[in-house]
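These are my notebook entries on one protein structure. I set down what I looked up, topic by topic.

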Amino acid sequence: VMMGHPCKPFNISLYDYDYVAVKAPMFSFTRLRGADPTLGVEMSSTGEVACFGRDVHEAFLQALLASNFKLPQLNAGKYILVSIAQERMRSEFMEAMDMLRQLGFQLVATPGTTEYYHNRGFSEIISLEKPGEANEDPNANTVLNWIHSKKIDLVINIPEGTTRHDEVTAGYLMRRAAVDFGVSLLTNLKCAILFAEAMHMRRDLECRSAEDYLATASVGW
């Protein structure tokens, strides 16, 4: 085109590909003492990994695993903690919450999130006190105690939508504790929903190289 020669357009539709690639960031919050492990406008990622899969859910899980994200286990005594500040986002996460329940994960939540889901049929959710308003007894049912005692396998904390100082502080303490104790953490609602969908549709994750996918690509090669 730049030389002025006629050329034939080559149209490629994304729907023609039989694989998906997902890129996930890697963070160094464990080495940044006191830093808030949540996303903002500043650059926080110190690297990226990209993984292929047969669909977006498989590629997403592969990318998470490659970035050292630990999947929650269906073990007795292990729980997923959910804390969502805004009611609209709690509603948006409702179907994902049900998927996690169907998979057999045990769920705990902070008081406001617990009340919201209790009123909508999730009576099995255990309520944990938030940092800052909690009992100092080390045996009390508090978020920090459960994270410290390794009962929590995954923290889903969506802080968007709150400006209350006590909630902002409690959210920071939860996220920081998760990082410091090696607990997987999700702070983005869309990612948390996609994670629940991926776990719900999970198949055996194959270990294949990028060349395997490119060699079998139906178009473009």
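**Entry 1: H57 and its contacts**

I looked up H57 and, leaving aside its neighbours within four places in sequence, found it in contact with L194, E197, A198 and M201; contact means heavy atoms within 4.5 Å. H57 belongs to helix 1. Helices (H or I, at least four residues) and strands (E, at least two) are DSSP runs, numbered from the N terminus. With a relative accessibility of 14%, H57 counts as buried. I noted the cut-offs: buried is under 20% relative accessible area, exposed is over 50%, and partly exposed is in between, with a 1.4 Å probe and protein chains only.

**Entry 2: What kind of model this is**

I recorded that this is a predicted model, in which local features need pLDDT of at least 70, side-chain atom pairs count only at pLDDT 80 or more, and totals for chains, interfaces and linings use all residues. Residues are numbered from 1 along each chain as its sequence is written, and side-chain values use heavy atoms, with hydrogens and water left out.

**Entry 3: The chain as a whole**

I counted eight helices and seven strands in the protein chain. Of its 221 residues, 39% are buried. I then took the contacts with a separation of 6 or more: residues 24 or more positions apart account for 69% of them.

**Entry 4: The sheet**

In what order do the strands of the open sheet stand? I read the order of its five strands as 5-4-3-6-7, with parallel pairing. Two strands pair if DSSP finds at least two bridges between them. Strand 5 (126-127) and strand 7 (184-186) stand at the edges with a single partner strand each, so one side of each has no neighbour in the sheet.

I went through the pairs. Strand 4 (residues 106-109) is joined to strand 5 in the parallel sense by two bridges, and A109 has S127 of strand 5 as its bridge partner. Strand 3 and strand 6 run parallel and share six bridges; here V82 is partnered by I156 of strand 6. Strand 6 and strand 7 also run parallel, over three bridges, and I156 has L186 as its bridge partner in strand 7.

Is strand 6 enclosed or open? I found seven of its seven residues buried, so strand 6 is largely enclosed by the rest of the structure.

I126 is placed in strand 5 and, at 31% relative accessibility, counts as partly exposed. Not counting residues up to four places away in sequence, I126 touches Y79, L107, V108, A109, T114 and W146. I126 and T114 are 12 residues apart along the chain, and their C-alpha atoms are separated by 7.2 Å.

Helix 3 (residues 94-102) lies across strand 3 (79-84), strand 4 and strand 6 (152-158), and runs at about 140 degrees to strand 4. For such angles, axes are lines fitted to C-alpha atoms, for helices over the stretch in contact, and angles run from 0 to 180 degrees between N-to-C directions.

M99 sits in helix 3 and counts as buried, at 14% relative accessibility. Leaving aside neighbours within four places in sequence, M99 is in contact with A196, E197 and H200. I also noted that M99 and I193 are 94 residues apart in sequence and 9.5 Å apart in space, C-alpha to C-alpha.

**Entry 5: Two residues with positive phi**

Most residues other than glycine have a negative phi. N68 is not a glycine, yet its phi is positive, about 75 degrees. N68 is placed in the loop between helix 1 and strand 3 and is exposed, with a relative accessible area of 61%.

K150 is not a glycine either, and its phi is positive at about 65 degrees. K150 lies in the loop between helix 5 (143-148) and strand 6; at 43% relative accessibility, K150 counts as partly exposed.

**Entry 6: The cavity**

How many cavities of 30 Å³ or more does the structure hold? I found one. A cavity is a set of points on a 1 Å grid over the protein atoms alone where a 1.4 Å probe fits but cannot get out, and lining residues have an atom within 4 Å of a point. Grid points are joined across faces, edges and corners, and the volume is the space filled by probe spheres set on the points.

The largest cavity holds about 40 Å³ of space. Its lining is D55, H57, E58, L61, A198, M201, R202, R203 and L205. Helix 1 (residues 56-66) gives the largest share of this lining, three residues.

Notes
On a 1 Å grid over the protein atoms alone, a cavity is a set of points where a 1.4 Å probe fits but cannot get out, and a pocket is an open set with protein on both sides within 12 Å along at least five of seven lines; lining residues have an atom within 4 Å of a point.
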